[in-house]
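Biologist: Before I use any of the labels on this model, I would like to know what stands behind them. Please take them one at a time.

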Amino acid sequence: MNYLPLTPVGQTPLRVMTIAGSDSGGGAGIQADLRTFAMLGLHGCVAMTAVTVQNSVGVKGFHELPLDIVSDQISAVTSDIGINAAKTGMLASSDIISTIAETWRAEDLAGNVPLVVDPVCASMHGDPLLHPSALDALRTELFPLATLVTPNLDEVRLLTGIDVVDAESQRDAARALHALGPQWALVKGGHLRSSSASPDVLFDGSDFHEFAAPRVDTGNDHGAGDTLAAATACALAHGFSVPEAVEFGKNWVTECIRASYPLGHGHGPVSALFRLHS
């Protein structure tokens, strides 16, 4: 695949922020985001929202950070270091979502810094990572600030009530998501088992773009959604158009899935470390 251009040694690279939870098992969350940022040559910054207690088998629990700490992390980084793009992951609660939205506007980031919203609602094991009451906050407060939203099919169902079973319902879901306010909506098809490929549909309110990749036969796909969103944010930081950035993110996560490895007694992670061998 074609990679992003690297900044010469000693020069300041582009900066991208992850606003998300910590995964103690290192497979997803900010740990997965930072691996992708580093492997693509960008400087990663963090605004942590929660600390999870998890491993390859599941999530045992999580602790939300205080609202002022979440907000102050964003402000501290953007007022000094500056960021060229950002992505969100686990946001845990409606209060945290509201705080992020308020801070994003207060720091004059809305419309100036590309924001990829990955609406993480549950772990791949089905363990909840978002209070049900927070769905409305996602829809009404964060989606209107998003350059792009990237839900999987389970998240689409929670957010829109649409059960995606084929290409037509996938397009219906993209329309429904776009109506909630983001500039672009991506409906990921990795869970659409009726398809031999992994079809993603991108919609901007008028045009559809479709992306497909061969399915990789592996049970080690922990962190795939985080990784796709992180890589897409990196491409946006470089000035790619949204369709170009999504295509790059899709290709990147496909390679990461191919390079995934077993870990613990459950699902192993997708791996950005393949870049070290290329």
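Modeller: Start with E247, which is found in helix α8; helices (H or I, at least four residues) and strands (E, at least two) are DSSP runs, numbered from the N terminus. The model is predicted, local features need pLDDT of at least 70, side-chain atom pairs count only at pLDDT 80 or more, and totals for chains, interfaces and linings use all residues. Residues are numbered from 1 along each chain as its sequence is written, and side-chain values use heavy atoms, with hydrogens and water left out.

Biologist: Why does E247 count as partly exposed?

Modeller: Its relative accessibility is 43%. Buried means under 20% relative accessible area, exposed over 50%, and partly exposed in between (1.4 Å probe, protein chains only). E247 therefore counts as partly exposed. The C-alpha atoms of E247 and T150 are separated by 13 Å, although these residues are 97 apart along the chain.

Biologist: What makes α7 oblique to α8?

Modeller: Helix α7 (residues 224–237) and helix α8 (residues 242–258) pack at about 140°, with their axes 8 Å apart. Axes are lines fitted to C-alpha atoms, for helices over the stretch in contact, and angles run from 0 to 180 degrees between N-to-C directions. Angles under 35 degrees count as roughly parallel, over 145 as roughly antiparallel, 65 to 115 as roughly perpendicular and the rest as oblique. That is why α7 is called oblique to α8.

Biologist: Which residues of α7 and α8 meet?

Modeller: A224, T227, L228, A231, T232, A235 and L236 in α7 meet a set in α8 that includes V242, F248, W252 and I257; contact means heavy atoms within 4.5 Å. By class, this contact of α7 with α8 has 13 nonpolar, three polar and one charged residues. Ala, Val, Leu, Ile, Met, Phe, Trp, Tyr, Cys and Pro count as nonpolar, Asp, Glu, Lys and Arg as charged, and the others, Gly among them, as polar.

Biologist: Why are α2 and α3 called roughly parallel?

Modeller: Helix α2 (residues 67–80) and helix α3 (residues 94–106) pack at an angle of about 30°, their axes 9 Å apart. This angle falls in the roughly parallel class, therefore the label. The contact of α2 with α3 has five nonpolar, four polar and one charged residues.

Biologist: What is the largest nonpolar core?

Modeller: It has 48 residues, and M17, W104, L138 and L142 have the most contacts inside it. A nonpolar core is a set of buried Ala, Val, Leu, Ile, Met, Phe, Trp, Tyr and Cys residues joined through side-chain atoms within 4.5 Å.

Biologist: What covers the buried residues of α4?

Modeller: The cover includes β4 (85–88), α3, β5 (115–117) and α5 (153–160). In helix α4 (residues 134–142), the buried residues include L138 and R139. Leaving aside neighbours within four places in sequence, L138 is in contact with L91, I97, V117, P119, L130, F143 and L159.

Biologist: Is A92 buried or exposed?

Modeller: A92 has a relative accessible area of 0%, so A92 is buried. A92 lies in the loop between β4 and α3, and its phi is near 75°, a positive value in a residue other than glycine. Most residues other than glycine have a negative phi.

Biologist: What makes D108 exposed?

Modeller: D108 has 54% relative accessibility, therefore D108 counts as exposed. D108 lies in the loop between α3 and β5, with a positive phi near 60°.
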